[in-house]
Amino acid sequence: MQVVQEFLQPRLAGAGDVRHSLRMMAYHTEYVQHARDEADFRVYKPVDLRDGTRLAKLLDNLRRQDAINNGSNSQHMISQSSDSPVYHDISRLGSVPPPARSSRSQAPDAELLPSMAFPQNTGKPMDESQMRNNCLRLVRFLQQQGIGIQGLAAGAFTCPRDSGPDGVAKFIAEGLLRVDQKITLGLLWQLAAHYKLRRHVDVRSLEREVARLRRVTGQTVAEVGATSGTYFNDVTSQALLQWMRTACTPYGISVDEFSWSLSDGRVLCFLIHAYMPELLPQSSITSPELPSSVDEMARMTGGAEYVKLETLKAKGWTAVYEMGGAIHDDNLAALYKRCVDTNFATIHAAGEALGVPAMLSAEDYLNDGPDELAAILYVALLAEALLRLTSERRAAYVIMEFLRRRLSWRPGYMRASLECFKADMKRLEAASTIQSFWRMRCQRCRYFTVRRAAHLLQAFIRRWVERQRLQKEVHAIVLLQAGARTSGWSSRRRMRR
């Protein structure tokens, strides 16, 4: 109340007591300081998540934003944690500022944060029992919201009685308390997939797009590869994987998952090329040359046959790295790294034009290995942008066709179209005549050039033949004269004797 009074008093000078004026207008201001209003929700390291309060705040922000994006009444999703006028840095993880409301109007389904224990309640750090209870309340609340977290406890129970919802909740809560990397990251991924991924990907639209691609390219389910089950226990991820397979099958690229299949960048390049060939031409997609025989592959991989030659041709050199191998040819390894850098640079340039942020990089795949969850989010954003552009382009084609048909019913439109067609035909005939005359002139010039060259060659040959014949005749005459002289000298000598 003191904050409201200090804010309104200078602006309502001469109006008397602000509180009295507000009460006259039926506004009863109340303020209750809760312990969660004093909590610091900033996350500096993974250990900060083990008490469950920051995860609960993140869940509250995601649910509030999801309600606003879905067009529902924002008052329905405001929890008791928004009574405080200050919102902490955890709101950067997907929250929006909640609308101002009275502390009496509380949402009936936002009961998580008020039930959590905070260190400000007692003024002492929380012990493990309080943290465990917070994590257990969080996991049970997620189960009530229908978020699929049961996969995080897969294979953890030997007895079927312990694999119920309560046993799964206790196991996941213990994992959060121990800061188990798999369980903590898996829980964050399930939150992102449930509240963020479905906003960017419509499963039905992806299924229709897959069916359209199969019709256009003439593919069958057997050629693309039928999948059983769901990827990451998530229908959206499975639909994205099937879409990537269908789009990349005409280019001879095999896609089995979101990790190593995307490591060289070719799959993402072909996805963009399939929809926007003018934005990313196929000539800009680079890949090292693959071996043609098993012996050549063994020489390049150091004598070890990590994969079969058919698998290598379908997946590229990423299949070798996926099996724990490496390229032992230094020149080929350097060329592979350059190709990966070039492909991801091309992807980032095309993604910038499509409005997709650069979430993946070549260094992530070359140094640290593939990040599967980041790849799924990036493919989801890419699918949203490409399908939106495709639908907009189809809508433009439909509008243009409608306008053409609409204009064809105008008076004089057909006559004008016929005159335009005749003018185009005249120009085409004139161009054909000019081209024929020019071709004829070029042909005649080439003919005369060849004929002059032939005449010169013939004259040279005749002259050479005549010179050879003349030289032979001169040589014969000289021989005859020499013989005649020799016979005359011999006869005179005999006469003298």
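User: Before we look at residues, what counts as a helix here?

Analyst: Helices are DSSP runs of H or I with at least four residues, numbered from the N terminus. Keep in mind that this is a predicted model.

User: Thanks! Which helix holds A193, and is A193 buried or exposed?

Analyst: Helix α8, spanning residues 181–200, contains A193. Buried means under 20% relative accessible area, so A193, at 6%, is buried.

User: How do I read a pair of aromatic rings?

Analyst: Two quantities describe such a pair: the distance of the centres and the angle of the planes. This structure holds four aromatic pairs. One of them joins W243 and Y275, with 6.0 Å centre to centre and 40° between the planes, and it is tilted. W243 lies in helix α11 (residues 235–248) and Y275 in helix α12 (residues 266–275), so the pair links distant parts of the chain, 32 residues apart.

User: Are W243 and Y275 buried or exposed?

Analyst: W243 is buried, at 0% relative accessible area, and Y275 counts as buried at 8%.

User: How do α3 and α6 cross?

Analyst: The axes of α3 (residues 53–69) and α6 (residues 128–144) come within 9 Å and cross at roughly 25°. Angles under 35 degrees count as roughly parallel, and that makes α3 roughly parallel to α6. Their crossing is left-handed. On the α3 side, the contact is made by T53, L55, A56, L59 and R63; on the α6 side, by N134, L138, F141 and L142. Those residues divide into six nonpolar, two polar and one charged.

Note on methods: Residues numbered from 1 in each chain as written. Predicted model: local features only at pLDDT ≥ 70, side-chain atom pairs only at ≥ 80, totals over all residues. Heavy atoms only, no water. Axes fitted to C-alpha atoms, helices over the stretch in contact; angles between N-to-C directions. Helix = DSSP H or I, 4+ residues; strand = E, 2+ residues; numbered from the N terminus. Parallel < 35°, antiparallel > 145°, perpendicular 65-115°, else oblique. Left-handed = near helix turned anticlockwise from the far one by under 90°. Contact = heavy atoms within 4.5 Å. Nonpolar A, V, L, I, M, F, W, Y, C, P; charged D, E, K, R; others polar. Buried < 20%, exposed > 50% of the residue type's maximum accessible area, 1.4 Å probe, protein only. Phe/Tyr/Trp six-rings, centres within 6.5 Å; stacked < 30°, edge-to-face > 60°.
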